[in-house]
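Here are my notes on the model you sent over. Have it open beside you as you read.

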Amino acid sequence: MDILNKCLTSNQFRDYVKGYNFGSLPANKLVIHHTWKPTKESWAGEKSILGLKRYYEKKGWKVGPHLFVAEDGIWLFTPMRKDGIHAAKLNHRSIGIEIVGDYNTAKWSGKTKTNAFGVIKILLEGLNLTENDIYFHRDVSIKSCPGWAITKEWLFYELSEFRLKPRIPGRSDLEDAIRNTTAPAPVDYHASEEMVLIPVPDWAREAVDFVARHKLFKIRSAEDVRDAVKFYRFYQLIRNL
Ligand SMILES: [Zn+2]
């Protein structure tokens, strides 16, 4: 089974859908599920995604649901231009959206809720659909999925109240980039060492302080000072976009 295995924020998902090719027969409905297990508490990001992949592969499936919506973001699983396997009769031309957690007694909450409504809103817009095109797995199954606590009345009401955070260009890109950065510390950085090893002229003080405070790189030469100033100006430019 080929999966995308990528975690996006709502903003990134909006851009992704905007540029996405849904194919010649794009999905014309959304089907909402819950994972039941993993629960919200036991969800472990990529580890859980790979566990689900193995689980579906054991069933002999080549595709699965399209999206997993969790506290940590929106996970891309089966490509949305392909029919997935998640809801029997409704598999053809639908997007299968799994909300991570057990919602038989509690409703969506926290970031899971924000991400879920974000995904639904973005896909309705992107595919030109209405709330009449939203299905629950239990509409075609004896299962409780997406959980008895989730009703269409509640979902439609919350959806009508829900607003995606307005996009501030530049700023949110930067925030997204920072949030998703898991790069290790620079190789030449050691916590015990001084970041600034040469005298710094006044005009570069602010930039050098910034670089040192964020442990970006060590200032050891005039060239490093110039790099710090360039970096700091660029940072301010992005911030003020
Ligand atoms: Zn389901």
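1. The zinc ion takes its protein donors from His-33 (ND1), His-137 (ND1) and Cys-145 (SG), at 2.0 to 2.2 Å. Donors here are N, O and S atoms within 2.8 Å of the metal (3.2 Å for Na, K and Ca); water is not among the atoms, so sites may look incomplete. Along the chain, the spacing of the donor residues reads H-x103-H-x7-C. His-33 belongs to strand 2 (residues 29-34), while His-137 sits in the loop between strand 6 (134-136) and helix 4 (152-161), so the pair links parts of the chain that are 104 residues apart. Both His-33 and His-137 are buried, where buried means under 20% relative accessible area, exposed over 50% and partly exposed in between (1.4 Å probe, protein chains only).

2. A word on the basis of all this. The model is predicted, so local features need pLDDT of at least 70 and side-chain atom pairs count only at pLDDT 80 or more, whereas totals for chains, interfaces and linings use all residues. Residues are numbered from 1 along each chain as its sequence is written, and side-chain values use heavy atoms, with hydrogens and water left out.

3. Next, the sheet. Six strands make an open, mixed sheet in the order 1-4-3-5-2-6; strands are DSSP E runs of at least two residues and helices are H or I runs of at least four, numbered from the N terminus. Two strands pair if DSSP finds at least two bridges between them. Strand 1 (6-8) and strand 6 are at the edges with a single partner strand each, so one side of each has no neighbour in the sheet. Strand 3 (residues 67-70) and strand 4 (residues 73-76) run antiparallel, joined by four bridges, and Phe-68 stands opposite Trp-75 in strand 4.

4. Which residues of helix 1 (residues 10-18) are buried? They are Ser-10, Asn-11, Phe-13, Arg-14 and Val-17. Seen down the helix axis, these fall within an arc of 160° (taken from the directions from the axis to the C-beta atoms), so they line one face of helix 1.

5. Finally, the structure has seven salt bridges, each a side-chain nitrogen of Lys or Arg within 4 Å of a carboxyl oxygen of Asp or Glu. One of them joins Arg-226 and Glu-223 (3.1 Å, N to O); both lie in helix 7 (residues 222-239), three residues apart, about one turn of the helix. Arg-226 is partly exposed at 44% relative accessible area, and Glu-223 is partly exposed at 41%.
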